[in-house]
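Visitor: I would like to go through this model step by step. Could you take me through it?

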Amino acid sequence: MPGRILRPKTDPDSALDTPYESGIAAEGDTWQPQYLRYYLFAMVFVLFDAETAILFPWADAFHQIPPLLGLQAMIFVALLLFGLVYAWKKGALKWE
């Protein structure tokens with residue numbers, strides 16, 4: 001409540017209340033629904049990108065790690081490939 005008393009009064013039709021992006025005035029309705037496929041594609045990308053970051057140290061030290069840890073790494077890669085094939089068959093990687 002004290003904020004309303006202390007802040008300067010502005011005209012509700014002024015340019016300060018309009019959305020602004022990149023110097024171009026907005027035309028029409030600025031609230032538009034986003035496609036779920038875009039977010040799904042982005043999540044699959046981030047998921048496989050993070051897992052690739054985990055694989056690089058394993059690949060670098062693969063000749064120095066014990067056999068059991070190497071087996072675990074291969075199981076991890078097999079799970080990654082299973083996830084990739086599953087996403088591919090479900091159509092999550094198609095960009096339309």
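**A conversation about the model**

Guide: A place to begin is Phe48, which is located in helix α2. Please note that the model is predicted.

Visitor: What does Phe48 touch, leaving out residues up to four places away in sequence?

Guide: With those neighbours left out, Phe48 is in contact with Leu80, Gly83 and Leu84. Phe48 and Leu80 are 32 residues apart along the chain, and 7.9 Å separates their C-alpha atoms.

Visitor: And Glu51, where does that one lie?

Guide: Glu51 belongs to helix α2, which covers residues 36–60. Beyond residues up to four places away in sequence, Glu51 touches Phe76 and Leu80.

Visitor: Which side chain of opposite charge is nearest to Glu51, and how far away is it?

Guide: That side chain is Lys90, at 18 Å. Glu51 has no salt bridge, yet the residue is buried.

Visitor: Let me step back. How many helices and strands are there in the protein chain?

Guide: The protein chain has 3 helices and 2 strands. Read from the N terminus, the order of the elements is α-β-β-α-α.

Visitor: What share of the residues is buried?

Guide: Of the 96 residues in the protein chain, 8% are buried. The chain exposes about 9100 Å², and 67% of that area comes from carbon and sulfur atoms.

Visitor: Turning to the surface, which residues form the nonpolar patch?

Guide: The patch consists of Tyr35, Leu36, Tyr38, Tyr39, Phe41 and Trp95. Together they have about 780 Å² of accessible area.

Visitor: Where is Trp95 placed, and is it buried or exposed?

Guide: Trp95 sits in the segment after α3, the helix of residues 67–90. Its relative accessible area is 55%, so Trp95 counts as exposed.

Visitor: How many aromatic pairs does the structure hold?

Guide: The structure holds 1 aromatic pair. The rings of Tyr38 and Tyr39 have centres 5.4 Å apart.

Visitor: Why is the pair called edge-to-face?

Guide: The ring planes of Tyr38 and Tyr39 stand at 75°, so the pair is edge-to-face. The cut-off for that class is an angle over 60 degrees.

Note on methods:
Residues numbered from 1 in each chain as written. Predicted model: local features only at pLDDT ≥ 70, side-chain atom pairs only at ≥ 80, totals over all residues. Heavy atoms only, no water. Patch = residues over 30% accessible without salt bridge, like charges linked within 9 Å, V, L, I, M, F, W, Y side chains within 5 Å. Areas by Shrake-Rupley, 256 points an atom, 1.4 Å probe, with all protein chains shown as cover. Salt bridge = Lys/Arg side-chain N within 4 Å of Asp/Glu carboxyl O. Helix = DSSP H or I, 4+ residues; strand = E, 2+ residues; numbered from the N terminus. Buried < 20%, exposed > 50% of the residue type's maximum accessible area, 1.4 Å probe, protein only. Phe/Tyr/Trp six-rings, centres within 6.5 Å; stacked < 30°, edge-to-face > 60°. Lys, Arg positive; Asp, Glu negative; His and termini not counted. Contact = heavy atoms within 4.5 Å.
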